[in-house]
Amino acid sequence: MGNAVVQLHVVDWAIVLIYIAFMLFVGFYFSKKQQGFDDYFMAGRSLTAPLLVGTLVSTFYGLDTLFGTSEVGFYEGVSAFFAYSLPYTALYVVMAILAPKFKEIFPDGTTMQEIAFKKYGKTTGVFTSIAAFLYSTNTMEMMGIGFILNLITGMPIWIGTLIGAVLVLVYTWTGGLWAVTMTDFIQFISMMITVGIALIIGWKAIGGYEGVFEGLIEWTGSAEDASYFFSAGAGYLSPWTLVSYGITAFAVLAEPAFFQRVFASSGPKEIQKAFTAGVPMWLSFDWCVTFLGIIGAAAIGLGIIPEVEANQALFAICGQYLPVGLLGVFLAGVLAAAMSTADSYFLVSGGVIGYDIYKGVINPDATSEQVERMTKLGMLASAVFAIALTFLFDAIMEVWVFQATIILSVALVPVYFGAFSKKPPKKIAGVLSTGVGLAASIIWYIWSNFFGTWSDDWEVYLVRIGNVELWQEHGILIIVPLVIVIYLIANAVGKVTVEEAA
């Protein structure tokens, strides 16, 4: 085992263990209340605004935000918020407008992929389902849980990853969406409060703005370099990379878990209320996490914490300043951030297998019990696949950009044209755009990972095409526009709609 970055008191451990035990209890409790697949996967389509707020906010603020945004804040300062977080918030606002319309257009809808099946046929539906499965694998959260356990115990990350996968899978498997929603609500409160408290205590303890700026001068070597931490457009990342990160925000519009919550809501107004209430909470969380990353860099400069990796700085700051008991609550909140996202995606990826593929393609006459059983097997397959991918990717942000590229390249264009186009879309448009998007995304990441050049300076894979040097993250800038062009051309020249083909 390596050295733990944060040492926990027995009181802190007790709080964490009680929290985990309670999550498992909730899963078993709701397992007794299920009556068929619709109840298991859709919570009986009866989620109201308060429950939706909790599950939406906690689901989409997992460890990618906690560690990913704080890592960018560590290097880039407040530009992490303005260039990376604000685009997401803008898309949440857009989704607040669009989500009720999806509920009205498809009142009996279950998944986003179902729209592709209905509008373009089975081939497009299968391609979209594959993309949704890849997107919904819990690689980021599993890596994050393994990372957390490594920081507090020193255990190898792969062992922590396995432990996390088992814990989340157990209560999601047993309780379904009701268990996910209820635990998300608790996790939402825990993560929002603890991150806010950590920022207040850390900011005050380090000496406020003056203390932070002094630490940044020591860390960067000059006041001029330190000042960019508080400039919205500054930072070491290239403009095109910041644009790539910003474009990933559009994944919000093709988010499989969003669509599940939309269709599981009790009505369009409930989902609109939930998104509206969630926006300021998302903004607050992003702002806190960005500044915790900045404080981490300053604390290293002042010698308050040892020189740790950028994605460990947030944790080291909290371990330095939070008292016994509150540190345990914070760790429970961090685990909550991971588990609240992981449980949702395990359920969604299971639905891809059980509902979209098994019922939609293999056995259209499947009973509710059969679909539920296949959904659970799909969750297990997703867990195995997510763990396998942790050995392929080294960084959480790298995983996120890959998954965002997949879902944007495959699902976004056909789903929205299919839902809102006045004329029925052509079948070939869906087939070509989803097929090319899926193939191009996978090929790009295999190419960059196995045949690209690793840069120690930037900690990314680089791909050379002629005299042009591209980051792995730049693939999204190439593939998504290509897919849009292919869809528009195919839809213009195509002859047959899915209804005509039938």
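**View 1. Helix α3 and the elements that cover it.** In this predicted model, helix α3 spans residues 49-59 and is mostly covered, with 10 of its 11 residues buried; buried means under 20% relative accessible area, exposed over 50%, and partly exposed in between, with a 1.4 Å probe and protein chains only. Helices (H or I, at least four residues) and strands (E, at least two) are DSSP runs, numbered from the N terminus. Among the buried residues of α3 are Ala49, Leu51, Leu52, Val53 and Gly54. The cover over the buried residues of α3 includes α9 (157-205), α13 (256-264), α14 (268-301) and α16 (326-362). Residues are numbered from 1 along each chain as its sequence is written, and side-chain values use heavy atoms, with hydrogens and water left out. As the model is predicted, local features need pLDDT of at least 70 and side-chain atom pairs count only at pLDDT 80 or more, whereas totals for chains, interfaces and linings use all residues.

**View 2. Serine 129 in helix α7.** Serine 129 lies in helix α7, which covers residues 122-136, and serine 129 counts as buried at 1% relative accessibility. The side chain of serine 129 reaches the backbone oxygen of glycine 125 at 2.7 Å. If its neighbours within four places in sequence are left aside, serine 129 is in contact (heavy atoms within 4.5 Å) with Gln113, Phe117, Val352, Asp356 and Ile357.

View 3. A search of the whole structure finds zero disulfides, a disulfide being a pair of cysteine sulfur atoms within 2.5 Å. Cysteine 288 is in no disulfide, and the nearest cysteine sulfur, that of cysteine 318, is 11 Å away. Cysteine 288 is buried, with a relative accessible area of 15%, and cysteine 318 also counts as buried, at 2% relative accessibility.

View 4. Three strands form an open sheet in the order β1-β2-β3, with antiparallel pairing; two strands pair if DSSP finds at least two bridges between them. Because β1 (453-455) and β3 (468-471) stand at the edges, each with a single partner strand, one side of each is left without a neighbour in the sheet. From one strand to the next, the twist averages 40°. Helix α19 (residues 427-451) packs on the sheet and touches β1, β2 and β3, and its direction makes about 105° with that of β2; axes are lines fitted to C-alpha atoms, for helices over the stretch in contact, and angles run from 0 to 180 degrees between N-to-C directions.

Terms used. Polar contact = N/O pair within 3.5 Å; in protein donor to acceptor, adjacent residues only side chain to side chain.
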